[in-house]
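Let's take a friendly walk through the open spaces of this protein, and then stop at a couple of its residues. Please keep the 3D view at hand.

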Amino acid sequence: MDHSATSTLTPAGVVGGLRAELAGLGEVLWAAKSPGELVDTMVELEGLRSQLAAVEASVLVEVEAQKVAKTHLAWGSTSDWFTHLAGTHRGPGHRAVRQAPVLVGELAATHQALAEGRVSPEQAGVIVDAIERLPHRADLRAQGEAFLLDQATRLNATDLAKAARHLLEVADPERSEREAEKAADREARAAHLGRFLAITEDGAGGVRVRGRGTVEDAATLKAALLPLTSPAPANDPETCEEDVDPRDHGARLWDALIG
């Protein structure tokens with residue numbers, strides 16, 4: 001039996017054969033090609049890129065399901081192995097592994113569109129991210145996917161992401177409020193963890209005070225100090241008339257803190 005012929009019947013053999021055929025294009029004198037040929041080639045290349053991404057997602061699902069990276073390759077996770085194999089950044093590598101089961105499973109229509117070259121890998125990624133953020137209602141998520149697939153026929157990934165944000169606002173209007181509350185909580189925790197007070201000499205007989213805290217900390221300080229910052233006019237001993245307090249607000253606030 002011809003083992004080379006047999007090997008081409010395996011998935012890896014099919015892809016390897018495709019790579020071998022594409023390698024021949026490296027010798028093409030592109031400058032001699034017409035604009036139409038150049039455009040047609042780019043169209044086919046982008047379609048191929050989408051098809052490859054669809055196949056890759058399907059394979060990644062099984063690699064993760066069978067724990068191939070851990071049990072056969074001694075990697076800590078599928079994400080780490082794939083990131084290394086693809087030579088990509090950790091973010092995109094982990095994202096590809098995370099999105100693959102959603103794309104292949106729940107979002108079968110998007111996976112099919114990717115396999116047919118009707119959406120790009122980037123557009124498919126936008127759709128997956130958006131649908132994952134929708135409430136877990138099958139009808140709502142199916143409608144959202146259909147809407148974004150339709151938009152993808154006219155929009156690039158950047159503009160599709162804007163459409164996805166609009167979809168989330170319409171389909172789940174309370175999400176932005178919940179996310180704003182979460183963001184505020186995170187910022188407050190970060191401010192609390194980063195709290196400090198520094199008093200340093202300025203080399204001119206004085207000191208400089210610097211610090212950081214939470215908004216609540218600031219409210220507590222203001223509540224304690226502001227009542228003590230009211231102007232304090234004094235009587236002129238010569239005229240017995242009341243003079244205006246010469247201190248500006250900053251000076252009065254400092255005096256309230258020290259006093």
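Which strands and helices each supply at least two residues of the lining of the second largest pocket? They are strand E1 (196–201), strand E2 (207–212), helix H12 (215–225) and helix H13 (249–258).

Before going further, a word on the ground rules. This is a predicted model, in which local features need pLDDT of at least 70 and side-chain atom pairs count only at pLDDT 80 or more, while totals for chains, interfaces and linings use all residues. Residues are numbered from 1 along each chain as its sequence is written, and side-chain values use heavy atoms, with hydrogens and water left out.

Helices (H or I, at least four residues) and strands (E, at least two) are DSSP runs numbered from the N terminus. A pocket is an open set of points on a 1 Å grid over the protein atoms alone, where a 1.4 Å probe fits and protein lies on both sides within 12 Å along at least five of seven lines; lining residues have an atom within 4 Å of a point. A volume is the space filled by probe spheres set on the points, which are joined across faces, edges and corners.

| Pocket | Volume | Top contributor to the lining |
|---|---|---|
| Largest | About 1000 Å³ | H3, 11 residues |

In the largest pocket, Leu52, Ala53, Glu56, Ala57 and Phe82 are the closest to the centre, out of 35 lining residues. Helices that each bring at least two residues to this lining include H2 (11–23), H3 (35–65) and H5 (78–86). By type, the lining holds 25 nonpolar, five polar and five charged residues. Here Ala, Val, Leu, Ile, Met, Phe, Trp, Tyr, Cys and Pro count as nonpolar, Asp, Glu, Lys and Arg as charged, and the others, Gly among them, as polar.

The second largest pocket has 17 lining residues, with Leu197, Ala218, Leu221, Leu225 and Leu257 nearest its centre. Its lining splits into nine nonpolar, three polar and five charged residues.

Ser50 belongs to helix H3. Ser50 counts as buried because its relative accessibility is 2%, buried meaning under 20% relative accessible area with a 1.4 Å probe and protein chains only. Beyond its neighbours within four places in sequence, Ser50 is in contact (heavy atoms within 4.5 Å) with Leu114, Gly117, Val119, Ser120 and Pro121.

Leu140 sits in helix H9 (residues 138–152) and, at 11% relative accessibility, is buried too. With neighbours within four places set aside, Leu140 contacts Leu134, Pro135 and Ala171.

Notes: Buried means under 20% relative accessible area, exposed over 50%, partly exposed in between (1.4 Å probe, protein chains only).
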